[in-house]
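Trainee: Could we go through this model together? I would like to start with the strands and then move on to the helices and the packing.

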Amino acid sequence: MINALYNLGLNALRNAQVSLANTSNNVANADTSGYQRTETNYSSSSSITIYGLTVGTGAEVTSIESQWDKFVEAQYLDASADLNRENAALEYLSQLDSLFYQDEDDGLAVSLDDFWASWSELAADPTSTSAREALLGDAESLAYSLSTLSSELETTVESIDSEIQSQVDEANDLIDQIAAANQYIAANPDDNQAISERGELVRELNALIGVDVIEQENGQITILTEEGYNLVDGNTSHHLVYSEARVTESLTRDSSYEGELQYSGDSSEEFLLEFVSSGQDGTAQFKVSLDGGATWLTGDDGNTLLYTADGSANSVTIEGVEISFNGTGEHAVGDRYTIMPKSGLYWEKGDGSLVNITPLINESGVNMDGRTSGGSLAGLFMARDDVVVPALDELDDLAESLIWEVNSLHSQGAGLEAHSAIVGSYSVDDQTAALSNCGLTFGGMIQAGTLELVVYDTDGAVSTTADIAVDPSESLDDLVADINTACGGELTASVDGEGRLVLSAATGQSFEIAGDSSSLLAALGLNTFFDGADAGDISVCSYAAGDTSHINSGVVGDDGLVTSGSNSTASSIAELAEQEVTIGTGSSAASGTYGEYVGALVSFVGASASSAESKAGYAETSAQYYYNQQASASEVNVDEELVNLTKYQQSYQAAAKMIEVTRTMMDTLLDMV
């Protein structure tokens with residue numbers, strides 16, 4: 001009996017020591033981020049029978065467990081992944097919103113309005129030098145606004161790409177650390193500190209790419225993305241890969257095709273091509289989806305668009321991306337190609353092959369299955385591909401349309417002085433190739449028509465008129481020959497070393513453009529107002545900027561002369577402000593005035609930023625709720641731990657007293673012997 005009392009007291013003493021040590025550790029880690037509070041668990045020892053009575057023999061510490069609610073943690077991880085996604089997107093969308101900010105005195109819309117107003121003022125007084133200077137200043141301000149916005153957007157894209165790469169590297173490092181922690185914990189399942197540290201690593205990984213956690217019986221965990229891709233399984237890890245633009249093919253068993261798909265151009269879209277008929281290049285038809293096959297591009301009639309393509313000469317351009325095929329054999333129905341004309345996120349399989357998990361949203365705004373949708377990585381991709389790059393594309397479409405429409409009118413007009421020589425601003429890649437396919441930026445806009453030229457003698461009287469038939473299938477060399485033949489040496493045409501058309505009058509003579517129904521001059525950049533092809537390189541032509549008398553306000557009359565005060569060209573350009581134009585191509589094409597287009601672009605950016613802010617606010621509320629729920633169970637409350645210290649101290653003292661009393665009883669018993 002005495003021995004039983006000794007053992008009972010000794011166990012109680014040890015239990016109190018363990019609990020005191022555990023509580024002290026909790027207090028010491030009260031400010032440690034991610035620390036999980038632990039508690040000692042007890043179980044009663046077996047009983048013994050004395051004098052026919054059953055007596056307990058105390059208790060033993062069976063485990064020290066973290067106070068961690070796995071259900072609440074799963075809810076927190078989901079909410080936290082959403083919060084980090086929205087915050088990552090919001091950071092860049094807020095910057096974008098500031099870039100497009102408009103007020104009464106500043107912004108792209110103001111610059112555009114000033115530009116149109118200056119053309120109206122020139123139309124009111126075509127001979128005014130001050131009106132021409134004012135127009136030049138407003139045109140340069142508009143070009144600067146467009147190019148500055150373009151530069152800022154491109155810088156934003158570069159920043160996002162850099163941050164994505166950094167976060168992918170960080171995620172892979174965390175994946176490896178969790179796999180290593182799994183291996184350690186399997187060998188040391190009672191190391192709560194290691195378990196706590198692993199939990200913090202999981203939270204950090206979840207902030208980057210939303211994850212699901214599956215607990216294993218051996219204490220290890222399996223980490224999956226929210227879409228089910230395995231990142232950590234025991235001590236095995238699967239990395240993420242941030243890859244440049246690529247093409248992936250998936251051919252059916254019936255396919256005999258051997259070759260490759262080739263493309264050129266950039267886009268924020270992802271293209272899925274699926275063949276709907278079999279055949280060789282140029283005969284087999286395919287359809288195209290921009291949302292992973294959920295929907296397919298359709299025409300105005302609502303029917304699915306079907307395409308064919310073979311070599312570059314018979315390529316097809318879809319949403320700004322030129323696609324061609326170069327191979328032998330035949331495609332079969334069901335053959336598929338995925339074109340990623342942008343960098344994307346991939347999951348690396350065990351065999352080293354890559355699975356595309358780049359975030360993708362369908363036309364209804366719903367995340368596509370199998371694509372990353374949580375964490376800051378998803379937010380960065382969504383900001384880049386759904387807002388920043390589309391905004392840049394729309395800005396380029398605006399500038400491209402503005403350049404073309406103004407140049408089309410300006411190239412057929414006349415200024416205050418006739419030309420002695422003019423040089424095109426757009427170059428051809430091959431002066432022997434068809435005008436429609438010679439490398440001109442706007443070559444596709446050239447149509448069959450007539451170019452009308454008027455040559456003046458040294459006294460300014462009409463000397464020669466020439467009507468040049470323009471055929472888009474003919475080459476620039478053919479055009480040069482036609483002009484030289486028609487003008488008999490009074491006006492000569494040539495191609496300079498940079499592939500630009502040059503028109504030069506004979507010594508002492510001059511010339512004007514009387515008309516151009518083919519749009520040839522606008523495509524070549526002759527007698528035009530703007531240079532460039534998009535928002536990134538738009539500028540006022542040096543010819544007009546260097547001498548404002550060459551800003552065209554009038555036109556050549558039926559008599560071959562330019563009437564003083566002629567304002568037809570200036571008026572026509574000013575009227576563009578109120579005309580409905582089609583800006584962009586494909587599914588992104590929009591019809592309306594330039595002012596309406598700018599307003600829609602600004603609204604799109606503002607609405608995107610506002611939406612991200614609202615979603616971030618909701619996600620923060622949800623994440624904070626689950627964080628607090630978890631914290632109430634797992635975080636250290638120093639006041640509670642102080643109470644526990646007192647309790648375990650008293651338990652220790654009581655156990656010591658038990659041993660002291662037992663020893664006294666033993667001494668008394670020995671004295672009786």
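Mentor: Strands here are DSSP runs of E with at least two residues, helices are runs of H or I with at least four residues, and both are numbered from the N terminus; two strands pair if DSSP finds at least two bridges between them. Please keep in mind that this is a predicted model, in which local features need pLDDT of at least 70 and side-chain atom pairs count only at pLDDT 80 or more, while totals for chains, interfaces and linings use all residues. Residues are numbered from 1 along each chain as its sequence is written, and side-chain values use heavy atoms, with hydrogens and water left out.

Trainee: Which residue is the bridge partner of D212 in β6?

Mentor: The partner of D212 there is L224. Between the strands of this hairpin there are five residues, and G219 takes a positive phi near 90 degrees.

Trainee: OK, what is the order of the strands in the open sheet?

Mentor: The order is β9-β17-β18, three strands with antiparallel pairing. The edge strands are β9 (240–243) and β18 (354–356), each of which pairs on one side only. Neighbouring strands of this sheet are turned by 40 degrees against each other on average, direction ignored, where axes are lines fitted to C-alpha atoms, for helices over the stretch in contact, and angles otherwise run from 0 to 180 degrees between N-to-C directions.

Trainee: How many bridges join β17 and β18?

Mentor: Strand β17 (residues 344–348) and β18 are joined in the antiparallel sense by three bridges, and E348 has L354 as its bridge partner in β18. Helix α4 packs on the sheet, touching β9 and β17, and its direction makes about 160 degrees with that of β9; contact means heavy atoms within 4.5 Å.

Trainee: Switching to the packing, which residues touch the most other members of the largest nonpolar core?

Mentor: Those are F115, W119, L146, L205, L231 and F529, in a core of 125 residues. Helix α4 (residues 129–187) gives the most to this core, with 18 residues. A nonpolar core is a set of buried Ala, Val, Leu, Ile, Met, Phe, Trp, Tyr and Cys residues joined through side-chain atoms within 4.5 Å. There is also a second, separate core of 19 residues, which includes Y257, F271, V316 and I339.

Trainee: And what is L146 in contact with?

Mentor: Leaving aside neighbours within four places in sequence, L146 is in contact with L108, L395, L398, A399, L402, A535 and I538.

Trainee: Is A89 buried or exposed?

Mentor: A89 counts as buried because its relative accessibility is 7%, given that buried means under 20% relative accessible area, exposed over 50% and partly exposed in between, with a 1.4 Å probe and protein chains only. A89 sits in helix α2 (residues 70–99) and, not counting residues up to four places away in sequence, touches G379 and A383. The C-alpha atoms of A89 and L377 are 9.2 Å apart in space, although the two are 288 residues apart in sequence.

Trainee: What about T236, where is that found?

Mentor: T236 is in strand β8 (residues 236–237), and with a relative accessible area of 40% it is partly exposed.
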